[in-house]
Amino acid sequence: MPSQLRDRMVRDMQLRRLSEITQRVYAHAVCGLAKRYMKSPDQLSDRQVQDYVLYMLNDRKLAWSTCDTNAAGLQFFYGVTLGRDSMRLALPPRQSEKRLPEILSAEEVGHLFTAVNNLKHRVLLQTVYSAGLRVSELVHLKITDLDSERMMIRVEQGKGNKDRYTLLSPRLLQELRAYWRKYRPASWLFPGRNPDLPLSRFSASKVFDAAKEKVGIHKVGGIHLLRHAFATHLLEAKADLRTIQVLMGHRSILSTMRY
């Protein structure tokens with residue numbers, strides 16, 4: 001995609017306050033389209049864009065969720081950046097799969113933690129599970145987000161740009177204190193190689209994937225499985241759905257009811 005078009009699209013996305021991740025995914029979708037036809041995307045017809053979506057579905061056999069995200073990016077580019085309203089009629093209906101997540105048992109979670117010898121990595125995974133965090137929320141935790149008096153963890157600007165509080169269990173607090181005594185993080189709870197920056201989501205996910213492989217767990221999913229387990233284990237412990245919804249930061253209780 002020509003740099004001028006890309007800059008226009010990025011500006012449009014920033015004006016609408018799309019997240020950085022969404023901006024990258026949408027721009028990548030348009031670049032993939034341009035690469036397929038070896039043409040600037042503003043020179044393509046509605047039919048060509050439609051054919052590209054069908055190519056992703058039928059030839060590349062990408063997951064519906066991937067096609068849905070790519071189609072949303074193309075829709076944004078043509079509908080917003082280029083102002084081509086006709087594209088709304090050209091894209092095929094987008095569907096989404098509804099699958100129940102695979103859930104780690106309490107025993108499997110325990111085995112995961114035991115398998116991790118590195119204290120920082122182990123406490124990182126324990127924090128995801130014990131507080132029910134998204135990985136993006138985990139890596140942006142700061143020391144000041146821990147409230148040992150109220151036994152709460154403040155999640156700043158989680159999904160939907162909303163703050164919330166979640167649980168800080170006595171066991172996790174004990175592990176966090178041991179972790180702090182050894183590593184002495186200054187600002188970020190889990191800093192990256194550069195202590196001024198937080199650990200990347202990719203690095204946090206790699207920690208989980210390595211532990212999962214070491215233990216021999218074959219359930220499908222990444223580090224988000226620990227968040228799923230948090231919700232399910234609370235439900236099994238007779239916590240009410242509304243409480244779990246608040247702790248998870250779900251906008252709709254329907255999302256919580258999936259567990």
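Lys120 touches Tyr179, Tyr183, Phe190 and Pro191, leaving aside residues up to four places away in sequence; contact here means heavy atoms within 4.5 Å. The model is predicted: local features need pLDDT of at least 70 and side-chain atom pairs pLDDT 80 or more, while totals for chains, interfaces and linings use all residues. Residues are numbered from 1 along each chain as its sequence is written, and side-chain values use heavy atoms, without hydrogens and water.

Lys120 lies in helix α7 (residues 119–131); helices are DSSP runs of H or I with at least four residues, numbered from the N terminus. Lys120 is buried but has no salt bridge, and Asp196, the nearest side chain of opposite charge, is 13 Å away. Buried means under 20% relative accessible area, exposed over 50%, and partly exposed in between (1.4 Å probe, protein chains only). A salt bridge is a side-chain nitrogen of Lys or Arg within 4 Å of a carboxyl oxygen of Asp or Glu. Lys and Arg count as positive, Asp and Glu as negative; His and the chain ends are not counted.

The whole structure holds nine salt bridges, including these:

| Salt bridge | Closest N to O |
|---|---|
| Asp147 and Arg150 | 3.9 Å |
| Glu175 and Arg171 | 3.3 Å |

Asp163 is partly exposed at 40% relative accessible area, as is Arg154 at 27%. Glu175 and Arg171 both lie in helix α9 (residues 170–183), four residues apart, about one turn of the helix. Glu175 is buried at 14%, whereas Arg171 is exposed at 55%.

Notes. Helix = DSSP H or I, 4+ residues; strand = E, 2+ residues; numbered from the N terminus.
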